[in-house]
Amino acid sequence: MTHYRSAGKCPIAIVGAGTMGAGIAQIFAQGGHPVRLQARKKETLEAALRRIRVNQDELIRHELLTAADAEAARGRITVTQDLKEALAGAAFVSENIPERLDLKQPLFAELDRLTPTEVILSTNTSSLPITQVAGDTKHPERVVGFHWFNPPHLIPLVEVIRGDRTSDASMDETYRLAQAIGKSPIRVQKDIPGFVGNRLQRSLEREFFYLERIGACSGADLEVALKQGLGFRWSVVGPLEHADLAGVDTHAATVALLFPLLSTDPAPPPLFANLVAKGRLGAKTGAGVYEYGAGEVEHILARRNAMLIDFIKVLKKHPPLRAPQAQAG
Ligand SMILES: NC(=O)c1ccc[n+]([C@@H]2O[C@H](COP(=O)([O-])OP(=O)(O)OC[C@H]3O[C@@H](n4cnc5c(N)ncnc54)[C@H](O)[C@@H]3O)[C@@H](O)[C@H]2O)c1
């Protein structure tokens, strides 16, 4: 099998140029790929180019990108309002339009009609089944989930998700392409709601809100527990590696003791619905769970990105010890 998408620097078409599309275009271009970024409105494309510039300036300030490489990458991006023009000659399509099946399904039918069958069609859906997104295509074997995490230009993880009819070749080529642009892909082999990243996240959040509700800990302290404890360590050793390092017998005992005691509450916490009802939608409205004064959100975002960028440098300094291997047991 040839892997021309990752081996060469194949042309990439990106459909949708909002929060995710812009950062994704940036990463493909920085990876050496010619990129055509498509949106229906001129202003969306202009905003995307501005966002890419801001993202890159931040990387340059933190010495993760040179000004020359940033400029060369921007030179590989062309923008267009015309879908056909975006798709012409593309070997891989990344879809980033809003999270609505009634938009994505017809778009994929159109992508399927407009591109040769060897082109891989990927969706960045966070929650819609890949099988349904591909539902109206004649070639669902080439439709694959390619789920990025926000901010896409900084978070290494991407999920490569198999729909019920996605081919092995589409999975493999997408995985290799993700590796070639410096991401850390995982294969999600079942088209399950939330895939893997969001399921892990929400299962932890359920226990978070349970502990807060029964008064075991304040929300602020629980955030410290995750940021300074579990998240801190998990970014270096995952639960399986940790079990080996801490002692499998000890781990087995705590798992057996605690699993039956954890929350299984199916009801979502009232907090978010209450905030939405009050119009407290977070940073974009100046208040959400917390209140934000003038300039505070910008300061928090700059700090977040600076820490993520420093962590990317740490990961570069300490590459993985070995490729994931089969587990015993
Ligand atoms: N924002 C996140 O944190 C995040 C993270 C991971 C995945 N995603 C997923 O990525 C996708 C895009 O999310 P986003 O946050 O970038 O949304 P967004 O609203 O910021 O951007 C979507 C863009 O698509 C354009 N658009 C709408 N309909 C279109 C069409 N038919 N053809 C072409 N362009 C169209 C809109 O004008 C907009 O610019 C969604 O499926 C979302 O679930 C989002």
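**The ligand and its pocket**

The lining of the second largest pocket has, by class, 12 nonpolar, 12 polar and six charged residues. A pocket here is an open set of points on a 1 Å grid over the protein atoms alone, with protein on both sides within 12 Å along at least five of seven lines, and lining residues have an atom within 4 Å of a point. Ala, Val, Leu, Ile, Met, Phe, Trp, Tyr, Cys and Pro count as nonpolar, Asp, Glu, Lys and Arg as charged, and the others, Gly among them, as polar. The model is predicted, with local features needing pLDDT of at least 70 and side-chain atom pairs pLDDT 80 or more, while totals for chains, interfaces and linings use all residues. Residues are numbered from 1 along each chain as its sequence is written, and side-chain values use heavy atoms, without hydrogens and water.

Helix α6 (101-114) gives the most to this lining, with five residues. Helices are DSSP runs of H or I with at least four residues, strands runs of E with at least two, numbered from the N terminus.

The ligand takes up the space of this second largest pocket, in the sense that more than half of its atoms lie within 2 Å of the grid points. By class, the shell around the ligand has five nonpolar, 11 polar and three charged residues. α2 (19-30) and β6 (143-148) each supply at least two residues of that shell.

Polar contacts are pairs of N or O atoms within 3.5 Å. A polar side-chain atom of Lys104 lies 2.7 Å from a ligand oxygen atom. For Thr19, a backbone N or O atom is 2.9 Å from an oxygen atom of the ligand.

Definitions and conventions. Polar contact = N/O pair within 3.5 Å; in protein donor to acceptor, adjacent residues only side chain to side chain. 1 Å grid on protein atoms, 1.4 Å probe; cavity = no way out; pocket = protein on both sides within 12 Å on 5 of 7 lines; lining within 4 Å.
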